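Student: I would like to go through the terms used for this model, one at a time. Please set each value against its definition.

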Amino acid sequence: MRDDALLPEDVGDAVFWRSMRTARRRELAGLVDSLHSGTLSRREFFQRAAGLGISLVAAQSLPGAFAPRAVAAVPQRGGVLKAAFSADPAGFDPVRGPSGMSHVVIEQVYSTLMALDPDAKPYPELAESSKASDDGLAYTFILRKGVRFHNGDELTAEDVKFTFDRLRAPNSGYSYGAQVETIKSVDVVDRHTVRFRLTKRTGPFLIYMAFPGSSIVPKKLVESGHDLNAKPVGTGPFRFVSYEPRSAIKFERNPEYFESGKPSFDGMEYRIISDITALTNALLSGVVNFSNEIPPKDFAKVKASPDLTALTLEGSRYNWLLPNNFREPFNNPKVRQAVSLALDRKALVEGAFFGLATPILGGVVPKWNWGYADAQFVPPSGDREKAKALVAEAGYPNGFETTLTLPSSFPNIMAMGPIVQANLAKAGIRAKLGTMEIPRYWDEVWSTSKFDITMMYWLSPLADPDDFVTNNYHCGMAINVQKYCSSAMDNLLEQAKTAPTPDARKGFYRKMQELSMQEMPIVPLVNGWLLIAHSTKLKNYRPMRTGFLKTLKDAWFEG
């Protein structure tokens with residue numbers, strides 16, 4: 001039945017909304033909210049409603065969509081948002097920025113074909129519309145017209161093709177190759193139309209198009225030799241001004257931004273404050289007015305401040321331990337299982353996160369995500385005796401010595417380190433603790449896989465189940481630094497990505513997570529909550545589960 005058949009003039013709101021499937025109802029309600037908040041124009045509203053199969057007549061008749069509402073707060077221009085972060089970025093070129101800190105810069109300077117809303121649902125950004133072929137092997141994007149890069153060049157389909165050909169180049173070094181591996185070709189149809197042809201159906205393809213690494217770069221400028229890593233140039237809401245390592249990154253408002261009237265801030269500054277106590281003090285004293293990296297130990301103090309709004313959100317920042325699967329004794333799954341069983345995740349949550357985290361007792365996909373597998377491998381406090389038994393079964397009745405190398409720039413990892421070390425020792429795994437600062441750690445430990453054990457956190461920037469697993473578990477991926485390879489795992493990941501329906505994909509993700517618990521190539525630890533605080537004068541900021549800050553373009557300072 002067509003949706004407009006459900007809309008006689010006297011139909012009630014409740015009847016209409018009940019007539020729709022739950023997922024579709026949520027998506028449509030989100031469109032109505034975006035229309036009311038001003039983040040979606042009427043034209044964009046009708047286009048996206050059409051994408052849900054709702055006719056123009058039906059969209060115009062939606063209960064409450066165009067009814068008079070209370071006057072919304074009017075965005076106010078001016079001010080500088082000053083955000084505090086604990087680590088430096090590792091680069092500004094989308095093809096070379098591997099870390100979450102790079103991405104929160106990239107997303108402000110560049111734009112992508114699609115973007116994600118606060119609930120990680122994709123919607124068109126540089127694209128006006130997207131259309132998939134019936135077989136799922138082709139996607140056609142119609143680009144916005146009149147969009148310009150910060151250097152004045154007009155955005156065209158040639159820039160889109162250049163961007164993705166660059167990411168897909170054999171020696172690009174792109175860390176997120178899993179997101180572009182199914183792209184067969186990118187074809188320019190006309191100046192504002194581009195078509196992607198895929199080698200196989202790719203369930204999360206539109207979500208991949210919203211990833212910061214998929215940001216569109218200016219072809220002519222890059223081909224002229226310009227170094228985007230030194231000075232990024234995109235079409236985003238803010239223009240890059242400067243970067244002083246270990247100090248600050250500065251941006252200015254892009255007056256030519258394609259979303260009319262946005263952003264509201266005159267500029268932004270990202271302050272790099274590696275000392276977490278100093279970060280908290282900077283927020284409390286007003287030196288900065290935003291951070292989504294509040295140290296857990298200080299969150300209660302921040303929450304009590306009358307000048308700050310404090311928020312918590314379980315997102316997609318999971319912390320994990322990586323045993324080098326290529327080195328003895330961690331090439332033995334029993335030893336890797338022993339490591340997992342030795343750990344007291346309850347103690348990690350309380351000791352390193354002050355209760356503001358969720359222990360991961362099974363697979364890595366969190367409970368709020370549709371790919372969650374309700375399967376448990378370890379108890380919250382671990383199982384020390386079982387861990388010791390597995391170490392002995394693996395041929396080490398007296399245990400063994402190893403090294404644990406940590407990136408010192410990440411406070412939560414540093415807080416977990418001694419707890420992990422003590423837990424492992426009780427199972428006979430005697431780990432010598434070492435630390436190294438970012439970016440030296442990226443160059444000498446991470447990219448070279450020169451470690452016995454290390455720890456890292458994964459910030460899922462997309463919140464599709466694929467993003468939690470493929471880059472980390474699939475053989476040959478750049479982020480698979482633990483050197484794990486399993487044909488069975490690769491097959492499950494491929495099937496999960498290419499299955500035709502979400503339900504079919506979910507079944508494969510469950511099997512994949514069950515296999516991950518048997519082979520334990522990565523040892524999941526905890527999912528650290530997003531701890532956010534900002535000035536009470538900041539309005540219309542909507543946090544994202546991904547931990548990214550794209551929605552800052554919609555916010556403003558009051559008064």
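Student: What makes the crossing of α16 and α18 left-handed or right-handed?
Tutor: The crossing of α16 and α18 is left-handed. That term applies if the near helix is turned anticlockwise from the far one by less than a right angle, and clockwise would be right-handed. The model is a predicted one, where local features need pLDDT of at least 70, side-chain atom pairs count only at pLDDT 80 or more, and totals for chains, interfaces and linings use all residues. Residues are numbered from 1 along each chain as its sequence is written, and side-chain values use heavy atoms, with hydrogens and water left out.

Student: Why are α16 and α18 called oblique to each other?
Tutor: Their axes cross at roughly 40° and come within 11 Å. Axes are lines fitted to C-alpha atoms, for helices over the stretch in contact, and angles run from 0 to 180 degrees between N-to-C directions. Under 35 degrees is roughly parallel, over 145 roughly antiparallel, 65 to 115 roughly perpendicular and the rest oblique. α16 and α18 are therefore oblique.

Student: Which residues of α16 meet α18?
Tutor: Pro 465, Asp 466, Val 469 and Tyr 473 in α16 meet Arg 505, Tyr 509, Met 512 and Ser 516 in α18, contact meaning heavy atoms within 4.5 Å.

Student: Which residues make the contact of α16 with α17?
Tutor: The axes of α16 and α17 come within 11 Å and cross at roughly 145°. Asp 466, Val 469, Thr 470 and Tyr 473 of α16 touch Met 489, Asp 490, Leu 493 and Lys 497 of α17.

Student: How do you know that Cys 475 and Cys 485 form a disulfide?
Tutor: Their sulfur atoms are 1.9 Å apart, and a disulfide is a pair of cysteine sulfur atoms within 2.5 Å. The pair therefore meets the definition. With 65° about the S-S bond, this link is right-handed. The structure holds 1 disulfide.

Student: What makes β4 and β6 edge strands?
Tutor: The open sheet has 4 strands in the order β4-β5-β7-β6, with antiparallel pairing. β4 and β6 each have a single partner strand, so one side of each is left without a neighbour in the sheet. The twist averages 20° from one strand to the next.

Student: How do you know that β6 pairs with β7?
Tutor: Two strands pair if DSSP finds at least two bridges between them. 6 bridges join β6 to β7, so the pairing holds. Ser 185 stands opposite Arg 197 in β7.

Conventions. Helices (H or I, at least four residues) and strands (E, at least two) are DSSP runs, numbered from the N terminus.
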